[in-house]
Amino acid sequence: MDSAVIETEHRSMWTDVWRQFRKHKGALVGVFVFAFIIIAVFVGPPIHGVDPNAIDFKARNLSPEWAHPLGTDNIGHDTLAQMLAGGQVSLAVGLSAALIALILGTLIGVLAGFVKSLNGPLMRLTDVFLSLPLLPLLLVSIMLFRDTLRAAFGPETGIFLLIVGLIGVTSWMHTARIVRGDVLSIKEREFVTAAHSIGTRRHRIVFRHILPNILSPIMVSATLGIANAIITESALSFLGLGFPPDFPTWGRLLYDGTNFIQITPSRVIWPGVFIALTVLSVNYIGDGLRDALDPRLRGR
Amino acid sequence: MLSNPDSDVVLSVTDVVTQFDTADGRVHAVNGVSFDVREGELLGVVGESGCGKTVTMMSLVKLLPMPPGEIVGGSALFEGQDLIQTDIDALQKIRGGRIGFIFQDPMTSLNPVLTVGYQLTEALRLHKNSSKSAARQRAVELLELVGIPMAKDRLDDYPHQFSGGMRQRVMIAIALSCDPKLLIADEPTTALDVTIQAQILDLVKTLRQELGMAIIWVTHDLGVVANLADRVMVMYSGFVVERADVEKLYRTPKHPYTYALLRTLPEMEGERAQRLESIEGQPPDQLQRPDSCPFAPRCAYAFERCTQENPLLEFVSEGHEVACWWNMEKNAPREAS
């Protein structure tokens, strides 16, 4: 038999995954919405061409009109421009904080589940983190580290790193618990013994035999993590400890807008809608991915 | 001990003792098991559930969870190396490479999220450093060898797309992938229905002729062993109680336990509405290492000596060893040797 023939007839796993993913209508819609949001916030600003921090006192609290499609706020910021600029920050914070939490959580969960001697200490550590009152902790850490980081990386990057890092290291616990539980159950399965029996090494067993089996819960907690990070960032901004005031994020816009909900309700509605849309679309994408990545569900 | 010190012994196991720490105390699972496997031979290991068959085999390559398991002593010489003294890292080169394993339940022994092709090539890539395409080609050959049609197209299928019998064929193919010298099959047909069982047995017979490796076949199905094995070892409560060539063991069982086991088989001839025989009583509690014969409480032939001393495995005739104080043929206590 010719090996080249075998190679070409080898159907790719990712083709199968995509075929299954397409069947999940919600996930497809999610992909379009999420793609739309990303394109909008990164391509939108130059097209719209309005500086989000430009103040125009003559155009305060405007309702939507041609020059300001989403209206303006109480000091004449263009809401659309602020929404787009804020989206960049919120998405970046959400995605990177969730990624940190995902990596930390998976790492700690796998170690606790697979290495018996680490199980106790790591799970107690998780308990400690879970029992910490998060908001005060975040506030104190921001007070402590903000100035150092600002000095080191500049005001914007510094605060970005601080917020992303803090949200990341305070939201890995649920992932860790889920992953640990699943690793504990999967590693007792017979196919893991079978993998040992053909001489597979421990790290390979973890990465090739156990991790793919727990992909679905990881997927789900990752997508929820993004939503969670965006909302936590909002809360920080609301308390005035997030990004500086001239640095809009969806969360900040939302909370700033609440005071003016009766004058210009669109200032609350739009950030709220976009946070919700992002979270929902990411969740649907995660759901679709989970189904598509599970070969037992695929091909039905 | 087996008197055959020939060079054709593949695996020589001596006095393996394995124990488990449990909440109730230390369980004596394997109490000094010794046996040899010769080249090209199929050794059947039989005994009821919990008699230590599987634990003995797992101890050889340390596939036991340790702790709570502990291999207390013994040696297992394989290709000039004592497996019991070898550390896990070095054993990993032997597992899958020189010693293949087949497990009981094919439905759970394959990883559900990895393709059959991946699982088939894993051992090859680990032990033979095969390239991806060479490994795939070998995987196709292996699947054809174990009788899976359209092997090439099935490499990218997942285990759930195979039936139970097919999966066991895949497991066999995995175990054979690196041309092992020894194949340990742990109740490989127990989870399969009778038709599939027959197919797998035929397959094993053919493969043995083609590849000529030694096989240890662990089972509690005496019918399977009669069909397949060259020699049979009967285990009870972590001891080997009888070992003989397959013909001798079935014709003239010399241990009451073997005798009782054989009587539990349904008979093809004679009256139909006969109740199946069973062995009265339960296997002993293994929390203490017995100092008398472990089978004595259930044995129809037990006499005083059986409750005082534990018999050792002794040759009673050519190629036939038994551990019993009673001589079933003479129907009298065995003479002191």
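Biologist: Where in chain B is the place of B:Gly40?

Modeller: The model is a predicted one. In chain B, strand 2 covers 25-38 and strand 3 covers 42-46. The place of B:Gly40 is in the loop between strand 2 and strand 3 of chain B.

Biologist: Which residues is B:Gly40 in contact with, leaving aside its neighbours within four places in sequence?

Modeller: B:Gly40 and B:Lys181 are 141 residues apart in sequence, with 8.7 Å from C-alpha to C-alpha in space. Once the neighbours within four places in sequence are left aside, the contacts of B:Gly40 are with B:Gly212 and B:Ala214.

Biologist: Is B:Gly40 buried, exposed or partly exposed?

Modeller: A residue counts as buried with 20 or more other C-beta atoms within 10 Å of its own, and as exposed with 12 or fewer. B:Gly40 has 15 such atoms within 10 Å, and B:Gly40 is therefore partly exposed.

Biologist: Which residues of helix 11 of chain B are buried?

Modeller: Helix 11 of chain B spans residues 256-263. The cover over its buried residues includes helix 9 (222-228), strand 9 (231-236), strand 10 (239-245), helix 10 (246-251) and strand 13 (326-327) of chain B. The buried residues of helix 11 of chain B are B:Pro256, B:Tyr257, B:Thr258 and B:Leu261.

Biologist: Turning to chain A, how many helices and strands does its secondary structure come to?

Modeller: Of the 300 residues in chain A, 39% are buried. From the N terminus on, the elements run α-α-α-α-α-α-α-α-α-α-α-α-α. The count for chain A is 13 helices and zero strands.

Biologist: At which residue of helix 3 of chain A does a kink lie?

Modeller: Helix 3 of chain A covers residues 25-48, and A:Ala27, A:Gly30 and A:Val41 are buried in this helix. The kink is of about 40° and comes shortly before the proline A:Pro45. The residue at which it lies is A:Phe42.

Biologist: How is helix 4 of chain A set against helix 7 of chain A?

Modeller: Helix 4 (residues 79-114) and helix 7 (residues 155-169) of chain A pack with their axes 8 Å apart and at an angle of about 40°. That angle makes helix 4 of chain A oblique to helix 7 of chain A. The contact includes A:Val93, A:Ala97 and A:Ala101 of helix 4 and A:Ile163 and A:Gly165 of helix 7. By class its residues are nine nonpolar, three polar and no charged, and the arrangement of helix 4 against helix 7 is oblique.

Biologist: Is the crossing of helix 4 and helix 11 of chain A left-handed or right-handed?

Modeller: Helix 4 of chain A and helix 11 (residues 215-238) of chain A pack at about 135°, their axes 8 Å apart, and are therefore oblique to each other. Among the residues that make the contact are A:Val93, A:Ala97 and A:Ala101 of helix 4 and A:Ala222 and A:Glu233 of helix 11. The contact has eleven nonpolar, four polar and one charged residue. The crossing of helix 4 and helix 11 of chain A is right-handed.

Biologist: Which element of chain A gives the most to the side that touches chain B?

Modeller: The contact takes 24 residues from chain A and 29 residues from chain B. On the side of chain A, helix 1 (3-9) and helix 9 (190-197) are the elements that give two or more residues. The greatest share, six residues, comes from helix 9 of chain A.

Definitions and conventions. Residues are numbered from 1 along each chain as its sequence is written. Chains are lettered from A and ligands numbered from 1 in the order in which they are written. This is a predicted model: local features need pLDDT of at least 70, side-chain atom pairs count only at pLDDT 80 or more; totals for chains, interfaces and linings use all residues. The bend at a residue is the angle between axes fitted to the seven residues ending there and the seven starting there. Helices (H or I, at least four residues) and strands (E, at least two) are DSSP runs, numbered from the N terminus. Axes are lines fitted to C-alpha atoms, for helices over the stretch in contact, and angles run from 0 to 180 degrees between N-to-C directions. Angles under 35 degrees count as roughly parallel, over 145 as roughly antiparallel, 65 to 115 as roughly perpendicular and the rest as oblique. Two residues are in contact if their C-beta atoms, placed from the backbone, lie within 7 Å. Ala, Val, Leu, Ile, Met, Phe, Trp, Tyr, Cys and Pro count as nonpolar, Asp, Glu, Lys and Arg as charged, and the others, Gly among them, as polar. A crossing is left-handed if the near helix is turned anticlockwise from the far one by less than a right angle, and right-handed if clockwise.
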